[in-house]
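Welcome! Here is a friendly walk through one protein model, told in questions and answers. Take a look at it first.

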Amino acid sequence: MAKLHLTRVAVGCPDYPSLETRIAARAEQGEVRFTTRFKPKRADELIGGRLHFIIRHMIVGRVEILAFDDRDDGRVDIVCAARLEPVHPQPKRAHQGWRYLSEADAPKTADGASGIGDLPPELYRELAAISLI
């Protein structure tokens, strides 16, 4: 069975390094929690998938989804591994909350050798628009 993923906007993060810093600061015992109002209907399919972050209309990184925990205040924590992986930037419009992302539509892990993942989002977007990357 193909894995299912989520996308979420990294509100307040202007770039990948700031997202990396935020996740490291919130990490406890190798896990980081992101709070949401509702548990996804397809939560069982999401375990082992990834939570992809959108910054400036580009998916730039992801963390592994480990579990969903109900909170006392009625909200739900998305429990993730506190290891942020860079991905090849992929255009994605901003949205509220989270959205499902199929395995086929998910960006590939950035290997670091090509340097493409290090490009500023605006430059990456322009190069992709003219089919150079």
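A residue is called buried when its relative accessible area is under 20%, exposed when that area is over 50%, and partly exposed in between. Please keep in mind that this is a predicted model.

Q: Is tryptophan 98 buried or exposed?
A: The cut-off for a buried residue is under 20% relative accessible area. Tryptophan 98 has a relative accessibility of 18%, so this residue counts as buried.

Q: What kind of aromatic pair do tryptophan 98 and tyrosine 100 make?
A: The whole structure has 2 aromatic pairs. In the pair of tryptophan 98 and tyrosine 100, the ring centres are 5.7 Å apart and the planes stand at 65°. Planes over 60 degrees apart count as edge-to-face. The pair is therefore edge-to-face.

Q: Which residue has its charged end over the ring of tyrosine 100?
A: Tyrosine 100 is partly exposed, at 30% relative accessibility. Over its ring, 5.2 Å from the centre, sits the charged end of arginine 42.

Q: How many residues apart in sequence are the parts that arginine 33 and aspartate 69 tie together?
A: Side chains of opposite charge can pair when their charged atoms come close. Arginine 33 and aspartate 69 form a salt bridge, with N and O 3.0 Å apart. Arginine 33 belongs to strand E2 (residues 31-36) and aspartate 69 to strand E4 (residues 58-70), so their pairing ties together parts separated in sequence by 36 residues.

Q: Which residues are linked with Arg33 and Asp69 in a network of salt bridges?
A: Arginine 71 has a salt bridge to aspartate 73, where the closest N and O atoms are 2.7 Å apart. Arginine 71 also has a salt bridge to aspartate 77, at 3.4 Å between the closest N and O atoms. The residues linked with Arg33 and Asp69 in the network are Arg71, Asp73 and Asp77.

Q: Is aspartate 77 buried or exposed?
A: Its salt-bridge partner arginine 71 is partly exposed at 32%, and aspartate 73 is partly exposed at 48%. Aspartate 77 has a relative accessible area of 8%, and the cut-off for buried is under 20%. Aspartate 77 is therefore buried.

Q: Which residue has its backbone nitrogen 2.8 Å from a polar atom of the side chain of histidine 5?
A: Histidine 5 is in strand E1, and at 3% relative accessibility this residue counts as buried. Leaving out residues up to four places away in sequence, histidine 5 touches several others, among them Leu46, Arg50, Tyr100 and Ala106. The backbone nitrogen at 2.8 Å belongs to arginine 50.

Methods:
Residues numbered from 1 in each chain as written. Predicted model: local features only at pLDDT ≥ 70, side-chain atom pairs only at ≥ 80, totals over all residues. Heavy atoms only, no water. Salt bridge = Lys/Arg side-chain N within 4 Å of Asp/Glu carboxyl O. Helix = DSSP H or I, 4+ residues; strand = E, 2+ residues; numbered from the N terminus. Buried < 20%, exposed > 50% of the residue type's maximum accessible area, 1.4 Å probe, protein only. Phe/Tyr/Trp six-rings, centres within 6.5 Å; stacked < 30°, edge-to-face > 60°. Lys NZ or Arg CZ within 6 Å of the ring centre and 35° of its normal. Polar contact = N/O pair within 3.5 Å; in protein donor to acceptor, adjacent residues only side chain to side chain. Contact = heavy atoms within 4.5 Å.
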